[in-house]
Amino acid sequence: MVTAVRLSPGPRRPVSAARFPAVRHLGPNWYAGVMGTAAVASAGAGLPWRPPGLRAVCAAVWALSVLLLVVLLAARCLHWRHHRDRARAQLLDPAAAPFYGCPAMALLAVGGATLTVGRDWIGVPAAVAVDAVLFTAGTAVALTAAVAVPYLMAVRHRPGPGQAAPVWLLPLVAPMVAAALGPPLVPYLPAGQPRATLLLGCLALFGASLLATLLMLPLVFARLLTGGPLPPALVPSLFLVLGPLGQSTTAVGNVADAAPGVVPAPYGDGLTALTVLYGVPVMGFALLWLALATAHLVRARRHGLGFSMTWWSFTFPVGTCVTGATALARHTGLTVCAGLAVALYGVLAVAWAVAATGTVRGVVAGELLPRRAAHGG
């Protein structure tokens, strides 16, 4: 009599954990590349001085930002579908969780660039529709991140004072991006309550983000002064401080531009005055911080700073300073503000080229997104 023997296949990894191994290591910080690319497009299209052909180049960069956003959204969906354990671990990691402010800013930045320069390719009605969708989704995600991430930091992460880092600003600056990119949509709404609601809503987002940033920034500055220089790999994140500074200046300028005919005359005039009275001192501090961050960057390069995804910190924050200086140039008429915007845009373009080149090389080499799944990783 022959007895059939069934061979046990042994322990197997879950099918979903073995699929798409590269996206397992795809964190929310990758949205910074979308943000930086969109910033190059929108900031360049609004410059006070525009050489021939620049707008066409900006339109091409906008198209690239749209492509990157679509690809990244799809990849992150795969990440949550097949590597949910890793996604949850990132959310509960105090070093990774603040980057959940980046998806909102990527949506908002691409939407704003669509209305600013993408309309050259797809037309104004389509650009308005795309921007409206991305602005709505981005604002909702921004507000969620601005509440959820600080909540997790308080009840789950429990970081110490010496762990304060510039990345803590990311979820707090996301509503400021919405405040800056909402006003261009105001003229496309029906006159009356809809326009006033959106404009004052953007002003409320400005206040929420600004006050939260003012609470967080002293912690970051104190950590830098009392805890010594950041590790070389984290030094590029110092440029993130420029984000709320440049974006808030952009926001007040854009709100003032959209105010005539939307809010009563005294308030409209006050918003115009606020652009200068607020924007000039804040941009002055932004330039001071830019010099400080650059000094730390030079030191870090001497101590072996190599390429990582933190290099995208050189792009979007500098882009906000470009648009902030452009807003001041519009409202003051000063040539020095226009010259500052153009000079900073040159820095932005170089930073984007360096970060994009390093990212492509890292992906092709399998250094940034390993192609093989690591056991337990």
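## Overall size and make-up

The radius of gyration is taken here over C-alpha atoms, and the rule for a globule is 2.2 Å times the number of residues to the power 0.38. For 377 residues, a compact globule would have a radius of gyration near 21 Å, and the protein chain agrees with this because its own value is 22 Å. Along its principal axes, the C-alpha trace of the protein chain spans about 100 × 50 × 45 Å.

This is a predicted model, in which local features need pLDDT of at least 70 and side-chain atom pairs count only at pLDDT 80 or more, while totals for chains, interfaces and linings use all residues. Residues are numbered from 1 along each chain as its sequence is written, and side-chain values use heavy atoms, with hydrogens and water left out.

## Helices, contacts and surface

The secondary structure of the protein chain comes to twelve helices and zero strands, where helices (H or I, at least four residues) and strands (E, at least two) are DSSP runs numbered from the N terminus. Read along the sequence, the pattern of the protein chain is therefore α-α-α-α-α-α-α-α-α-α-α-α.

A contact means heavy atoms within 4.5 Å. Among the contacts in the protein chain with a separation of 6 or more, 82% are between residues 24 or more positions apart.

Helix H6 (residues 124-157) contains Thr-139, which counts as buried because its relative accessible area is 13%. Not counting residues up to four places away in sequence, Thr-139 touches Leu-108, Ala-178 and Leu-205. Ile-122, by contrast, is found in helix H5 (residues 102-122) and is partly exposed, with a relative accessible area of 37%.

Leu-68 lies in helix H3 (residues 54-82) and is partly exposed, at a relative accessible area of 33%. Together with Leu-64, Leu-67 and Val-71, Leu-68 makes a nonpolar surface patch of about 320 Å². Patches are made of residues with over 30% relative accessible area and no salt bridge, and in them like charges are joined within 9 Å and nonpolar side chains (Val, Leu, Ile, Met, Phe, Trp, Tyr) within 5 Å.

## Aromatic rings

Rings of Phe, Tyr and Trp (its six-membered ring) form a pair if their centres lie within 6.5 Å, and planes under 30 degrees apart count as stacked, over 60 as edge-to-face and the rest as tilted. A search of the whole structure finds seven aromatic pairs. In one of them, the rings of Phe-239 and Phe-314 have their centres 4.9 Å apart and their planes at 85°, so this pair is edge-to-face. Phe-239 lies in the loop between helix H8 (193-226) and helix H9 (242-258), and Phe-314 in the loop between helix H10 (265-302) and helix H11 (316-332), so the pair ties together parts that are 75 residues apart in sequence.

Both Phe-239 and Phe-314 are buried. Ring pairs also link Phe-239 and Phe-314 with Phe-307 and Trp-311 into a cluster.

## Salt bridges

A salt bridge is a side-chain nitrogen of Lys or Arg within 4 Å of a carboxyl oxygen of Asp or Glu, and a search of the whole structure finds two salt bridges. In one of these, the side chains of Asp-120 and Arg-55 meet at 2.5 Å, N to O. Because Asp-120 lies in helix H5 and Arg-55 in helix H3, the pair ties together parts that are 65 residues apart in sequence. Asp-120 is partly exposed at 42% relative accessibility, and Arg-55 is also partly exposed, at 29%.

The side chains of Asp-257 and Arg-330 likewise meet in a salt bridge, at 2.5 Å, N to O. This pair links distant parts of the chain, with Asp-257 in helix H9 and Arg-330 in helix H11, 73 residues apart. Asp-257 has a relative accessible area of 40% and is partly exposed, as is Arg-330, with 46%.

## A loop residue with positive phi

Arg-158 is placed in the loop between H6 and helix H7 (170-181). Although Arg-158 is not a glycine, it has a positive phi of about 50°. Arg-158 counts as exposed because its relative accessibility is 61%.

Conventions
Areas by Shrake-Rupley, 256 points an atom, 1.4 Å probe, with all protein chains shown as cover. Buried < 20%, exposed > 50% of the residue type's maximum accessible area, 1.4 Å probe, protein only.
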